[in-house]
Amino acid sequence: MPLSATHFNISNISERLDGDTPVKLANKNGIKTTDIIKINQKKYERKVKKVKLNARSELDIFEWSKCGFANNNYWISPDADKLPRIDVSQVSREDFIMKYEAPGLPVVITGCTRGWAAETKWNKEELLRNYARHKFKIGEDDKGNPVRMTFKYYMYYLETEGFKDDSPLYIFDSSFGRRGKSKKAGVEELKKKNLRPKSKEYLLKDYKVPTYFDDDLFRFTGENRRPPYRWFILGGERSGTGIHADPLGTSAWNTLLVGHKRWCLFPPSTPRKLIDPKQKDHEAVTWFTCVLPKLLEVHEGKNKSLAEEYGMIEALQRPGETMFVPGGWYHVVMNLDFTIAVTQNFCSPTSIEQVWLRTRNARPKLAQKLLSKIIRLSTIGGTRHSKNFYRNLVNKIKALETIPALPESSSSSSSSSTSSSEKSSTDDDGDTEVSETESEEDGADGECRCYSCKMKAKRKAKRQEREKQKLEMQKEWEKRRYENNTGGMLKREERMTIEDDRDRKKRREM
Ligand SMILES: O=C(O)CCC(=O)C(=O)O
Ligand SMILES: [Fe+2]
């Protein structure tokens, strides 16, 4: 399907059309999952079906490839990519802030992965050797519970049916950095097979936050209170993240280690309804197939497409490149081939105002915690900045007191992918579905949604559910007992009548 003049064929698409089976293709691209670890086909089929049903209950299990998106070519010509590139070793932090962060302009940064262990360790083979039995988050079920999949099954899925699924399952896992969350899985068994089982926390050691982004003020709110902010992302072609702006006005960096990602970015002022119209789903591939061509059309009497009018930026992210997404920018991302990436959201001193305005309303307790920490630093100073620096931040925040809440439509919201952890909400005018990148707002009653409070609430809900079930069982038991008793009584009555009849008969005979 032609998408725009900028699309062109590349060999991997024509290879596919030769009639190669997905497994053959995976072979061509190198190592296969089954070369490294055994897959029990039956078990795999059961698991993948369950994951699909849970992660996307709206989609019939037989309809995952009904649109035939696997036959489309989504690559763009490198000429369509207009984003500037800067190298982290050549542009100072001050210049980065002045040219890109402060004015809120996206940019691609090269050189951030220099020296990262991830450069050599984040590939199919190494990841399979280390994490084959670990479960990674794929998405959420209808109740908001995480849906996870064992890594070896996920990789096998990508090499088989994932190859033709319209919008394949996508690993979007934020738990790797959580204390006590990731344990070694199947250690002994893996050791016997000469595999190296690792805790998922090791992924944290494989990369380093690029210097431009390491002054994240949310670190002051504590690891457990702050919203989820870092994700290990791995997926096959056509998987991706639907159109959204990152939550709480935070900015993000997204570093790609393997593969290519196609991005479309829109400035915060873009009318959301235009770029996020009601669709049958919120998948990136659906957006690139159905929404983008309309935005690229140049209508009669106009000399510009809507994409041009609103300043859409297209980009093709390559291995080793880091995308900087300034707060408030809408973006939609699709993987063009097998990709491995890491992304983090942050609130820097430069973007504190826009984050504050959203956090103040969406997560009041978190905002309060952040403010009190900055106030404290303004009296004692910190390791990174002076008292004066923090005093300025406090003043900036205080000056926002009179500014009304930002409308939700231009605030936080949404990240979605087939799989990414997501939460849906309805925007201000009530008709546009948006979803958030895990970092939910405080509840309507101001209830805290930090990790530990969320867990506490979950445990409470489970306890209540158990108690409800117990009560229902008790009632059921009492009902049965009652019925049995009445049954027994009836039988007794019947028996008495029969005995009476017998007596009467006897008497008559006498
Ligand atoms: O790499 C991707 O799929 C995009 C990730 C993203 O935009 C996000 O996490 O907010
Ligand atoms: Fe995002």
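Which residues in helix 7 meet which residues in helix 8? In this predicted model, local features need pLDDT of at least 70 and side-chain atom pairs count only at pLDDT 80 or more, while totals for chains, interfaces and linings use all residues. Residues are numbered from 1 along each chain as its sequence is written, and chains are lettered from A and ligands numbered from 1 in the order in which they are written.

Lys124, Leu127, Leu128 and Tyr131 of helix 7 meet Phe151, Lys152 and Met155 of helix 8 (contact: C-beta atoms, placed from the backbone, within 7 Å; helices: DSSP runs of H or I, at least four residues, numbered from the N terminus). By class, this contact has 5 nonpolar, no polar and 2 charged residues (nonpolar: Ala, Val, Leu, Ile, Met, Phe, Trp, Tyr, Cys and Pro; charged: Asp, Glu, Lys and Arg; polar: the others, Gly among them).

The largest nonpolar core has 55 residues (buried Ala, Val, Leu, Ile, Met, Phe, Trp, Tyr and Cys residues joined through C-beta atoms within 7 Å; buried: 20 or more other C-beta atoms within 10 Å of a residue's own). Leu265, Ala284, Phe288, Tyr330 and Met334 have the most contacts inside it. Apart from this core lies another, of 37 residues, among them Val147, Ile171, Leu234 and Leu257.

In helix 15 (residues 364–380), the buried residues are Leu366, Ala367, Lys369, Leu370, Ile374, Leu377 and Ser378. The elements covering them include helix 14 (352–362) and helix 16 (387–398). Gly381, which follows helix 15, has a positive phi near 80 degrees.

Definitions and conventions
A residue is buried if 20 or more other C-beta atoms lie within 10 Å of its own, exposed if 12 or fewer, and partly exposed in between; C-beta atoms are placed from the backbone. Two residues are in contact if their C-beta atoms, placed from the backbone, lie within 7 Å. Helices (H or I, at least four residues) and strands (E, at least two) are DSSP runs, numbered from the N terminus.
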